[in-house]
Amino acid sequence: MTEFQNRSTLQAGATAIPAGTRIMQTPRRAAKLSAAALKVIAQPFRAAYSPIVLAGLVRLIDFALIVLTGTAVYTAYVLPHHGFDGHYPVAIGVIAAISVLSFQAADIYEITAFRSPLRQLIRIVPAWTVTFFIAMAIAFFAKFEGMFSRIWLASYYGGGLVVLAIFRLGLSALVRQWT
């Protein structure tokens, strides 16, 4: 058909049904469900969590735990002996950011990793260690190595590793319960 004929056919179809007329559809017969299906429907269910949302929440918790651990070690050791030093809060934030990036590179933020605590810990230890190597390299090349306490750094590394391990063990138990 030509364009003219198509247009006239569409216009004729549009004007054939008066405005405001309801088009009735033939009603379908409702299918009856089996007793087993009705039993499944009647069971209560829990809300599901999106894997992307869960991974994002775990990233935020990791970041917060790392910042809190660094701050706790700083408050317990550095403040009483050396007073306030502005380099430490910056270093804590940088270490927390680098660690989340390292954990992402190690594929720790996947649901399959959340289910297995051993698999998580095997990946967390090298990623956490690489984070501190990067932080020490930045401090060395920027000539900041004398500004930070070695005891603070070692305590932050060890304490952070323990806190992350405990969190991941709890997370794996929770994720296995959800799934």
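The axes of α4 and α7 come within 13 Å of each other and cross at roughly 40 degrees. That angle makes α4 oblique to α7, and the crossing in which α4 passes α7 is right-handed. These values, like those that follow, come from a predicted model.

On the α4 side of this contact stand Y88, A91, I92, I95 and F103, and they meet W152, Y156 and L164 of α7. Sorted by class, the contact of α4 with α7 has eight nonpolar residues, with no polar and no charged ones.

**The chain as a whole**

The chain holds seven helices and zero strands. Read from the N terminus, its elements run α-α-α-α-α-α-α. It has 179 residues, of which 24% count as buried. Among contacts between residues at least 6 apart in sequence, 80% join residues at least 24 apart.

The axes of α3 and α7 come within 9 Å and cross at roughly 150 degrees. Angles over 145 degrees count as roughly antiparallel, and α3 and α7 are therefore roughly antiparallel to each other. As for handedness, α3 passes α7 in a right-handed crossing. The residues of the contact of α3 with α7 comprise 19 nonpolar, five polar and two charged.

The two pairs are set out below.

| Helix pair | Axes come within | Crossing angle |
|---|---|---|
| α4 and α7 | 13 Å | roughly 40 degrees |
| α3 and α7 | 9 Å | roughly 150 degrees |

**The nonpolar core**

The largest nonpolar core has 29 residues, and those with the most contacts inside it are I66, I95, F103, F114, W128, W152 and Y156. Four helices each supply at least two residues of this core: α3 (51-82), α4 (87-105), α6 (117-141) and α7 (150-178).

Which residues does W152 touch, leaving out those up to four places away in sequence? They are G70, V73, Y74, Y77, V78, Y88, A91, I92 and I95. Of the core residues with the most contacts, I95, F103, W152 and Y156 also take part in the meeting of α4 with α7.

**Single residues**

S102 is found in helix α4. Is S102 buried or exposed? Its relative accessible area is 12%, and buried means under 20%, so S102 is buried. Leaving aside residues up to four places away in sequence, S102 touches A127 and T131.

P117 lies in helix α6. With a relative accessibility of 22%, P117 counts as partly exposed. Along the chain P117 and L169 are 52 residues apart, yet their C-alpha atoms are separated by 5.5 Å. The contacts of P117, not counting residues up to four places away in sequence, are with L169, S172 and R176.

D107 is found in the loop between α4 and α5 (111-115). Phi of D107 is near 55 degrees, which is a positive value in a residue other than glycine. D107 counts as partly exposed, at 36% relative accessibility.

Methods: Residues are numbered from 1 along each chain as its sequence is written. This is a predicted model: local features need pLDDT of at least 70, side-chain atom pairs count only at pLDDT 80 or more; totals for chains, interfaces and linings use all residues. Side-chain values use heavy atoms; hydrogens and water are left out. A nonpolar core is a set of buried Ala, Val, Leu, Ile, Met, Phe, Trp, Tyr and Cys residues joined through side-chain atoms within 4.5 Å. Buried means under 20% relative accessible area, exposed over 50%, partly exposed in between (1.4 Å probe, protein chains only). Contact means heavy atoms within 4.5 Å. Axes are lines fitted to C-alpha atoms, for helices over the stretch in contact, and angles run from 0 to 180 degrees between N-to-C directions. Angles under 35 degrees count as roughly parallel, over 145 as roughly antiparallel, 65 to 115 as roughly perpendicular and the rest as oblique. A crossing is left-handed if the near helix is turned anticlockwise from the far one by less than a right angle, and right-handed if clockwise. Ala, Val, Leu, Ile, Met, Phe, Trp, Tyr, Cys and Pro count as nonpolar, Asp, Glu, Lys and Arg as charged, and the others, Gly among them, as polar.
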